[in-house]
Amino acid sequence: SPSLFLPFLLSLSLPLSFSLSPKHTKTQTQFLLNAQKLRLLRAAPLVKMASKSYRMERVMMNKAEQHSIRVVEELQPGEHEVGNCQCFSCVPLCACCLVLPCCVIPESIAGQLRDSRYIYVKETSIEWNDPRAVCLEGGFLCGIDPCNYRVQDDVTVLYYDDPLLNEITDQTRCCNDCRTSCFGGEGDEIQLRNTFCFGCCAKALPPCPCIPSFCPRSFCPCVLSYTINVRRSTGDHAVDVLIKARNEARSAAERIAAQLKQAV
């Protein structure tokens with residue numbers, strides 16, 4: 001482990017007069033030790049010391065503790081709500097009927113989806129799981145079973161220095177309560193994206209450098225944007241929490257970077 005050799009490296013890198021002279025106070029000694037540590041960290045991007053690891057090139061990746069990460073707040077994820085027009089529930093052996101607009105997902109699968117959803121606002125990132133129901137493997141049709149479904153996790157992590165977090169807005173559809181009562185819904189929608197040209201264009205994956213910002217991700221999979229579903233009527237609160245966590249993390253990263261530059 002690099003932490004075991006760090007004291008030895010420090011002793012070699014420190015001047016001999018410093019290691020033998022008793023004139024330095026405790027504060028001066030600690031300052032010189034920290035300066036030598038930072039010089040070694042510049043040579044190696046990741047050096048483990050005691051209970052911390054430092055990443056110099058991307059300060060946002062640093063955590064307060066090496067083996068744990070603090071969850072600032074847990075937002076309530078959106079739940080699949082059944083509308084009045086969806087009056088039939090698929091039986092477990094006929095899950096393929098989900099393609100019909102009047103049918104809803106079986107309760108056994110709906111419970112697994114509900115238990116798998118989460119939204120964690122962490123000290124350095126946002127993490128959420130938006131699971132989907134997929135066909136079970138090992139069936140008679142091209143290796144799948146169209147009559148049985150299982151839950152497939154879809155976990156996404158965005159760190160606060162990601163440009164996609166520059167714009168955090170509540171994009172809940174108009175008349176959401178009424179439309180949810182009639183046709184069902186997934187709660188309020190929080191959109192994360194990065195636009196330019198006065199909001200007309202949005203970043204996209206190659207080979208498309210950009211696309212019109214009004215194009216939804218379902219029609220343009222290459223667009224760089226994410227949608228987080230939170231519990232109905234909590235969209236404004238979720239936006240405030242995410243913006244506050246992003247601003248605090250970015251401010252802390254800027255302070256750490258400035259202190260490191262001054263120390264080196």
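User: Which residue in S12 is the bridge partner of Ile168?

Analyst: In strand S12, the residue bridged to Ile168 is Leu192. This is a predicted model, in which local features need pLDDT of at least 70 and side-chain atom pairs count only at pLDDT 80 or more, while totals for chains, interfaces and linings use all residues. Residues are numbered from 1 along each chain as its sequence is written, and side-chain values use heavy atoms, with hydrogens and water left out.

User: How many bridges join S11 to S12?

Analyst: There are 4 bridges between S11 and S12 (residues 188-193), and the two run antiparallel. Strands here are DSSP runs of E with at least two residues, helices are runs of H or I with at least four, and both are numbered from the N terminus. Two strands pair if DSSP finds at least two bridges between them.

User: What order do the strands of that open sheet come in?

Analyst: The order is S11-S12-S16, an open sheet of 3 strands with antiparallel pairing. Strand S11 (167-170) and strand S16 (225-230) each have a single partner strand, so one side of each is left without a neighbour in the sheet. The twist from one strand to the next averages 20°, where axes are lines fitted to C-alpha atoms (for helices over the stretch in contact) and angles run from 0 to 180 degrees between N-to-C directions.

User: Switching to S6, how many of its residues are buried?

Analyst: Strand S6 (residues 118-122) is mostly covered, with 4 of its 5 residues buried; buried means under 20% relative accessible area, exposed over 50%, and partly exposed in between, using a 1.4 Å probe and protein chains only.

User: Okay, the loops now: where is Cys175, and is it buried or exposed?

Analyst: Cys175 lies in the loop between S11 and helix H5 (176-183), and at 53% relative accessibility it counts as exposed. Its phi is near 55°, a positive value in a residue other than glycine.

User: What about phi of Cys197?

Analyst: Phi of Cys197 is also positive, near 55°, and this residue lies in the loop between strand S13 (195-196) and S14. Cys197 is partly exposed, with a relative accessible area of 45%.

User: Which residues does the cis peptide bond join?

Analyst: The cis peptide bond joins Pro206 and Pro207, with omega about 10°; Pro207 is in the loop between strand S14 (201-203) and strand S15 (210-212).
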